[in-house]
Amino acid sequence: MKRFTVTVNGTAYDVVVEEVTEGAAPAAPAAAPAPKAAPKAAPAAPKASGAQGAVQIKSPMPGNILKVNVKVGDKVGKDTVVAVLEAMKMENEIFAGQDGTIASVEVAQGASVTADQVLITMN
């Protein structure tokens with residue numbers, strides 16, 4: 001028997017493979033092993049843009065915007081949830097990441113976004 005780690009769609013699985021010779025009956029399958037815990041997604045970190053003092057909050061992954069919690073001119077703290085992104089049937093909160101004022105909201109509720117797409121800019 002040989003032991004392997006196989007990654008499928010970003011989830012790692014430990015598998016044991018038994019070599020079967022011709023004419024031999026395969027062993028009864030064992031219960032499927034539990035997948036290794038996937039690393040927890042970090043909140044979207046704001047990234048500086050080319051504009052002076054402007055910060056871009058980008059989507060950490062592709063998905064759909066379930067909710068936009070801010071509007072232009074809102075003052076936010078670093079722990080403020082500015083949007084909620086649904087990806088892979090999970091709701092992911094997107095945080096401001098720093099104190100500031102919302103300069104623009106680039107997406108609307110129901111919008112489909114790609115990874116690294118700008119969602120919100122702030123000063």
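Visitor: In this predicted model, what is the length of the polar contact that joins the side chains of Ser 104 and Thr 121?

Guide: The side chains of Ser 104 and Thr 121 are joined by a polar contact. Ser 104 has its place in strand β9, residues 100–105, and Thr 121 is found in strand β11, residues 118–122. The length of this polar contact is 2.4 Å.

Visitor: Is Ser 104 buried or exposed?

Guide: The relative accessibility of Ser 104 is 17%. A residue counts as buried under 20% relative accessible area. Ser 104 therefore counts as buried.

Visitor: Which residue has a side chain joined to that of Ser 104 by a polar contact of 2.6 Å?

Guide: Leaving aside neighbours within four places in sequence, Ser 104 is in contact with Val 72, Ile 120 and Thr 121. The polar contact of 2.6 Å joins the side chain of Ser 104 to that of Glu 106.

Visitor: Is Thr 121 buried or exposed?

Guide: Not counting residues up to four places away in sequence, Thr 121 touches Val 55, Gln 56, Ile 102, Ala 103, Ser 104 and Glu 106. Its relative accessible area is 14%, and the cut-off for buried is under 20%. Thr 121 is therefore buried.

Visitor: How many residues apart in sequence are Thr 121 and Val 105?

Guide: From C-alpha to C-alpha, Thr 121 and Val 105 are 6.6 Å apart in space. Their separation in sequence is 16 residues.

Visitor: Which strand gives the largest share of the nonpolar surface patch?

Guide: Phe 4, Val 6, Val 8 and Val 17 make a nonpolar surface patch of about 310 Å². One of these residues, Val 6, counts as partly exposed because its relative accessibility is 35%, and Val 6 lies in strand β1. The largest share of the patch, three residues, comes from strand β1.

Key:
Residues numbered from 1 in each chain as written. Predicted model: local features only at pLDDT ≥ 70, side-chain atom pairs only at ≥ 80, totals over all residues. Heavy atoms only, no water. Patch = residues over 30% accessible without salt bridge, like charges linked within 9 Å, V, L, I, M, F, W, Y side chains within 5 Å. Areas by Shrake-Rupley, 256 points an atom, 1.4 Å probe, with all protein chains shown as cover. Salt bridge = Lys/Arg side-chain N within 4 Å of Asp/Glu carboxyl O. Helix = DSSP H or I, 4+ residues; strand = E, 2+ residues; numbered from the N terminus. Buried < 20%, exposed > 50% of the residue type's maximum accessible area, 1.4 Å probe, protein only. Polar contact = N/O pair within 3.5 Å; in protein donor to acceptor, adjacent residues only side chain to side chain. Contact = heavy atoms within 4.5 Å.
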